[in-house]
Amino acid sequence: MHPLPAATVPEQRWLRAVALGGQGFYSGARAELTRLQREVTEGPLASFAASTEASLLRQLGWHRQAAAHDGRAFALARSAASRSAASWSAEDAARLVEAQCDALTGLAADALGCGRLGLSRRLLAQCAERLRVAGTDDTAFWRQRIRLHWVTAETALASGDFATAKDHAAQASVRADRGPSVRHRVKSDLLRAASSTGDADLGQARALAVDVSQRCAEHGLVPLRWAAAMLANGIGADTGADRVRDECARIVISRGGRFATTPN
């Protein structure tokens, strides 16, 4: 919903930035992150802030610039983790794992956007290993596990491996359906649609792309709707998809987003 409740503590400021970014309010999201990074300069929350800043850039195609922020996010998380274990509660220790995984999947997505598929796979393997070491509870770190499946699916798609992409997109969708986030469910289904474009029959891909676009409109997820409309237009799923794509792009720009015009 918009407008969002006001933030009274740094954690809420980060959550506001995430929500604003998901709906394409880029200026508002950056303003929250700027305030947050003045208030918190170390620990998991500082790392989350840097990862979120990277995500805002990556959504618009600025992969090289995003990598600098993701690198800073990983450095912050690693620095905090290197301190004495007695310095952190169990909750803080778990959040450090989350922060490291967010940074690693972000860096993998940045590498993918720059065409460095091998590096992306290595970073994803590091993330998977951190989650393995963190424990066997399959329900823990739900967001990090979904994001790992997302970027693994995207990397597979970039190399033409539709079977692997489909598998990871499906796993992301199953996990997202059990979680609290509408955006994670919608994005997982968008990846299912993209992964189905390797099928001889594009019926499922087209139906999913249209469904995702409609759900994005319902929940105000403008950046995801822009991506869904591009996919729908590319596979002939919706005759009006080009108009939806262009309208979403205009909204993003009006809210402070700036698309990369050249490969990054």
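Helices are DSSP runs of H or I with at least four residues, numbered from the N terminus. An axis is a line fitted to C-alpha atoms, for helices over the stretch in contact, and angles between N-to-C directions run from 0 to 180 degrees. The structure is a predicted model, in which local features need pLDDT of at least 70 and side-chain atom pairs count only at pLDDT 80 or more, while totals for chains, interfaces and linings use all residues. Residues are numbered from 1 along each chain as its sequence is written, and side-chain values use heavy atoms, with hydrogens and water left out.

Start with helix α11 (residues 222–234) and helix α12 (residues 241–254). Their axes come within 8 Å and cross at roughly 155°. The angle therefore makes α11 roughly antiparallel to α12, a label for angles over 145 degrees; under 35 counts as roughly parallel, 65 to 115 as roughly perpendicular and the rest as oblique. The crossing of α11 and α12 is left-handed, meaning that the near helix is turned anticlockwise from the far one by less than a right angle. Contact means heavy atoms within 4.5 Å. On the α11 side the contact residues include V222, W226 and M230, and on the α12 side they include V244, C248 and V252. By class, this contact has 11 nonpolar, 1 polar and 3 charged residues. Here Ala, Val, Leu, Ile, Met, Phe, Trp, Tyr, Cys and Pro count as nonpolar, Asp, Glu, Lys and Arg as charged, and the others, Gly among them, as polar.

Now turn to helix α5 (residues 90–113) and α6. Their axes come within 7 Å and cross at roughly 165°, so α5 is roughly antiparallel to α6. This crossing is left-handed. Among the residues that meet are V97, L104 and A108 in α5 and L123, C127 and L131 in α6. The contact of α5 with α6 has 14 nonpolar, 4 polar and 1 charged residues.

Phi of F141 is near 55°, a positive value in a residue other than glycine. Most residues other than glycine have a negative phi. F141 counts as buried because its relative accessibility is 14%; buried means under 20% relative accessible area, exposed over 50%, and partly exposed in between, with a 1.4 Å probe and protein chains only.

Helix α7 (residues 142–158) contains R143. With 18% relative accessibility, R143 counts as buried. Leaving aside neighbours within four places in sequence, R143 is in contact with W14, F48, D102 and H184.

A50 is found in helix α3 (residues 44–59) and, at 0% relative accessibility, counts as buried. Apart from neighbours within four places in sequence, A50 is in contact with H69, R72 and A73. A50 and V252 are 202 residues apart in sequence, and their C-alpha atoms are 21 Å apart in space.

E39 belongs to helix α2 (residues 26–39) and counts as partly exposed, at 42% relative accessibility. Beyond neighbours within four places in sequence, E39 is in contact with P10 and R13. The side chains of E39 and R13 are joined by a polar contact of 3.4 Å. A polar contact is a pair of N or O atoms within 3.5 Å; within protein, one must be able to donate a hydrogen and the other to accept it, and residues adjacent in sequence count only if both atoms are side-chain atoms. E39 and G115 are 76 residues apart along the chain, with 36 Å between their C-alpha atoms.

Methods: Helices (H or I, at least four residues) and strands (E, at least two) are DSSP runs, numbered from the N terminus.
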